[in-house]
Amino acid sequence: MKVTKICCIGAGYVGGPTMAVIAQKCPHIQVTVVDLNEQRIKDWNDPNTDNIPIYEPGLSDVVAEARGRNLFFSTDVEKAIDEAEAIFISVNTPTKTYGKGKGMAADLKYIELCARQIAKVAKSNKIVVEKSTLPVRTAEAIKSILDNTGNGVQFQILSNPEFLAEGTAVTDLLNPDRILIGGDTTPEGYTAINALVDVYANWVSKDKILTTNVWSSELSKLTANAFLAQRISSINAMSELCEKTGADVSEVARAIGMDSRIGSKFLKASVGFGGSCFQKDILNLVYIAKSYGLNEVADYWEQVIIMNDYQKRRFSNKIVQTLYNTVADKKITFLGWAFKKDTNDTRESAAIYVADDLINEQAKISVYDPKVLKNKILSDLDYLDTRKSSENADAVLSFENPYEACEGAHAIAILTEWDEFTKYDWQKIYDSMQKPAFIFDGRNILNAKELKSIGFIYNSIGS
Ligand code: NAD
Ligand code: UGA
């Protein structure tokens, strides 16, 4: 079986970039990305590819090359499903905010809607690919819906989780560590697996394409995110101990990272990890473990989240304590709002929680982020539902110029590791601030020595 037409349901941070790269690398395959969100599709179709809805280095060039040739963005979900041999489900799977599993389990309502729509529309055999991150054994539910509500056609369900990180999505997709494809261990299952292997083999070498059973693939995705997040919580736990003992967490990270069994990546102490997935996926893992009665397993992983929440709170507490135990009416400038550099995504960004704490202390927050717009900052705070929207608007100002954002500030907090922050004229910023001028470097990116010699009181994480 050969895939010639792909439909991807969900034009978000995963669906958009993933399909753009598949289309770029497979000009012989027609790729249609569909979404219910009309504005999002409109933005993907913006004639100027610099205006596409997701900022990722290199993405606008990939879209410019493939869009209109074999890459299409559309709201006509049914047509795209009908035409395709392979349908990727790439919709959001947020943490449930209601009912059983509230605050822990993944909300699968969008996945189920997709399955029902595919079942309704499909008139020929289809491969349905789980691209979204899903609880282990979700394929069983999808298959049951497809088989019981469909038109009698055959469906093969594959799990093909995505491992890209935001900010490096295009390079991750072009040069992945591995592609994981899980499918049924039946002749039909192997045929479907091979069809998808052939798609990726257009640019990924076969030794990097791993095939497994469906459950291993589904669970590997949650496991990978849990292990990655656990490393950050582990080094963040050590960061507080470093602050108490005179050790320096960057030196400790370097020392342990040179042990090839540990490795040097993902050991950067910070104000805490953000992003739409680490927290949600670990909570989901905890929920799954609990649902099997594996309480010790659940408690073990939950600690990664507890540590991360603590690290964010610890950062805001430190700001308040250092500023003589009051930040009321003081101007605190946030450099960075995105959850990491090189993305405009702010989901679960540590900045949101630190700002919320400081607004509770009646601070005035000024924000500069190179890619995040004012409306997003306010809507992130409103989403927390801690106070009235008008109160958030009174407490937070957003700037398009970092120097203006810092003018008159009592303190600067670095919340995102944008490279440009390291290149600023810090003397000029110092001169424009209230004295003593404080910096709280939540990302450990600035040059401590230089800042101290200017006169800043410089605080980093873990030293
Ligand atoms: P997203 O919210 O950016 O995009 C999801 C899109 O799906 C939205 O545009 C939404 O309108 C659309 N959608 C929802 N239901 C739909 C339906 N029935 N029909 C058509 N469109 C529908 O989410 P995302 O960040 O792209 O994440 C998608 C999945 O990928 C999640 O499961 C996530 O855990 C996983 N994932 C995300 C990343 C990442 O870096 N963001 C990386 C790996 C895996
Ligand atoms: C993460 C994983 O890295 C991807 O493999 C995965 O596909 C994705 O989640 C997902 O499933 O959504 P992402 O969240 O986009 O990717 O970005 P990361 O680079 O993992 O960073 C996550 C957070 O951890 C950021 O806030 C980052 O600043 C923080 N971080 C990362 C640290 O604080 N220290 C580090 O050493 C590394």
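Predicted model: local features only at pLDDT ≥ 70, side-chain atom pairs only at ≥ 80, totals over all residues.
1. Shell of ligand 1. The ligand has 25 residues around it, and those that come nearest are D35, R40, T93, E166 and K280. By residue class, the shell divides into 9 nonpolar, 9 polar and 7 charged residues.

2. Side-chain contact. K280, one of the residues that come nearest, places an N or O atom of its side chain 2.6 Å from an oxygen atom of ligand 1.

3. Burial of the ligand. Ligand 1 would expose 830 Å² if taken alone, and the protein buries 92% of this area.

4. Disulfides. How many disulfides does the whole structure hold? The search finds 0. In the case of C7, the closest cysteine sulfur belongs to C8 and is 7.0 Å away, so the two are too far apart for a bond. The cut-off for a disulfide is a sulfur pair within 2.5 Å.

5. Are C7 and C242 buried or exposed? C7 has a relative accessible area of 0% and is buried. C242 has 5% relative accessibility and also counts as buried, because the limit for that class is under 20%.

Key. Residues numbered from 1 in each chain as written. Chains lettered and ligands numbered in written order. Heavy atoms only, no water. Near = heavy atom within 4 Å. Polar contact = N/O pair within 3.5 Å; in protein donor to acceptor, adjacent residues only side chain to side chain. Areas by Shrake-Rupley, 256 points an atom, 1.4 Å probe, with all protein chains shown as cover. Nonpolar A, V, L, I, M, F, W, Y, C, P; charged D, E, K, R; others polar. Buried < 20%, exposed > 50% of the residue type's maximum accessible area, 1.4 Å probe, protein only.
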